[in-house]
Amino acid sequence: MRINIETAELQAFLAVARQSSFRAAAEGLFITAPALSRRIENLEQALQERLFDRTTRRVSLTPAGELFRVHAQAVMDELELAVRSVEQGMAHRREQVTVACVPSVANNLLPLVLKPYARTHPNVRVRIIDENAAEVLESVRKGEADFGVNFIGAQEAEIDFQALTRERYLAVMPAHHPLAAQSSLHWKSLAGEKLVSVSSSSGNRSLIDNAFSRVPQRPVIQYETNHVAGAISLVAAGLGVALLPELAIRNAPYKGIVARPVTSPVLSRAMGLITLKGRVLKPAAATLAHALREAMASKPRK
């Protein structure tokens with residue numbers, strides 16, 4: 001059976017899925033809105049499935065659209081690699097490894113691992129999905145990522161979770177803060193402090209909120225950011241204290257901040273390698289996963 005689908009139609013579909021807007025997708029592709037709509041209609045007719053739910057306010061993928069998006073993106077990625085390989089005169093097609101990980105891993109661990117990996121695997125293209133814990137899990141579940149590094153997923157039936165390390169949460173504060181003189185802190189010591197916190201949708205926030213539920217007087221959350229990097233920046237500016245996982249500050253490029261362990265109770269999270277159950281990693285992906293496993297197990301630099 002001949003597949004009657006054009007590349008331009010796949011590009012149009014992925015643009016709308018990414019933007020959740022026909023108008024924004026058309027502008028990004030430098031075509032008119034009617035031309036974009038025709039491409040989507042042709043694709044839906046070829047598949048005999050409706051790919052988008054459209055209302056006056058929003059555009060969202062149907063279940064069929066969600067399923068098709070994963071494969072459409074893979075097709076376009078492979079096509080791009082094929083074109084680049086020909087352009088560069090390569091005799092063989094380049095491999096691609098996709099790894100999903102939480103930002104603390106992407107910012108502070110992955111660059112250290114990728115540098116030697118690039119020397120031994122110069123023809124492997126690495127795609128990084130650095131998102132929050134829930135999205136990392138979903139990327140692995142949907143098959144978008146070969147594997148992930150995450151602190152959730154152990155309870156998911158379709159996910160294999162291989163624990164790599166357990167990292168503590170630390171109180172991060174300006175070096176001149178009064179609490180910086182202590183070698184460790186009790187949770188009660190933070191009562192009355194102005195906290196810099198990640199957003200309530202973060203997996204980190206859930207763990208922290210559970211710990212504070214056992215403290216009579218809770219600190220005040222004065223600033224809230226979407227990502228750990230933003231929280232560190234605010235702490236470095238002297239705006240408050242943040243409770244952050246150890247890995248998030250292992251190689252943080254900020255001066256004038258210190259980190260102190262928090263005890264009674266010790267708050268920690270298990271970081272693990274997650275894969276779709278039964279999935280066998282390709283050699284290039286398996287090598288990168290092994291390198292991350294070794295780096296995660298190593299002691300933080302002093």
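The model is a predicted one. Its largest pocket has a volume of about 660 Å³, and a search of the whole structure finds 14 salt bridges.

**Packing of H2 and H3**

- The axes of helix H2, residues 22–29, and helix H3, residues 33–47, come within 9 Å and cross at roughly 105 degrees.
- Because angles of 65 to 115 degrees count as roughly perpendicular, H2 and H3 are described as roughly perpendicular to each other.
- On the H2 side the contact involves Phe22, Ala25, Ala26 and Leu29, which meet Ala33, Leu36, Ser37 and Ile40 of H3; by class, this contact has seven nonpolar residues, one polar residue and no charged residues.

**The largest pocket**

- The lining of the largest pocket is made up of 27 residues, and those lying nearest its centre are Val70, Gln73, Arg127, Ile129 and Glu144.
- Two or more lining residues are given by each of helix H1 (7–19), helix H4 (63–87), strand E3 (95–101), strand E4 (124–130) and helix H7 (133–141), with the largest share, eight residues, coming from H4.
- By class, the lining of the largest pocket has 14 charged, seven nonpolar and six polar residues.

- The side chains of Glu138 and Arg141 meet in a salt bridge, with an N to O distance of 2.5 Å.
- Glu138 and Arg141 are three residues apart in helix H7, and are therefore separated by about one helical turn.

How values were computed: Residues are numbered from 1 along each chain as its sequence is written. This is a predicted model: local features need pLDDT of at least 70, side-chain atom pairs count only at pLDDT 80 or more; totals for chains, interfaces and linings use all residues. Side-chain values use heavy atoms; hydrogens and water are left out. Axes are lines fitted to C-alpha atoms, for helices over the stretch in contact, and angles run from 0 to 180 degrees between N-to-C directions. Helices (H or I, at least four residues) and strands (E, at least two) are DSSP runs, numbered from the N terminus. Angles under 35 degrees count as roughly parallel, over 145 as roughly antiparallel, 65 to 115 as roughly perpendicular and the rest as oblique. Contact means heavy atoms within 4.5 Å. Ala, Val, Leu, Ile, Met, Phe, Trp, Tyr, Cys and Pro count as nonpolar, Asp, Glu, Lys and Arg as charged, and the others, Gly among them, as polar. On a 1 Å grid over the protein atoms alone, a cavity is a set of points where a 1.4 Å probe fits but cannot get out, and a pocket is an open set with protein on both sides within 12 Å along at least five of seven lines; lining residues have an atom within 4 Å of a point. Grid points are joined across faces, edges and corners, and a volume is the space filled by probe spheres set on the points. A salt bridge is a side-chain nitrogen of Lys or Arg within 4 Å of a carboxyl oxygen of Asp or Glu.
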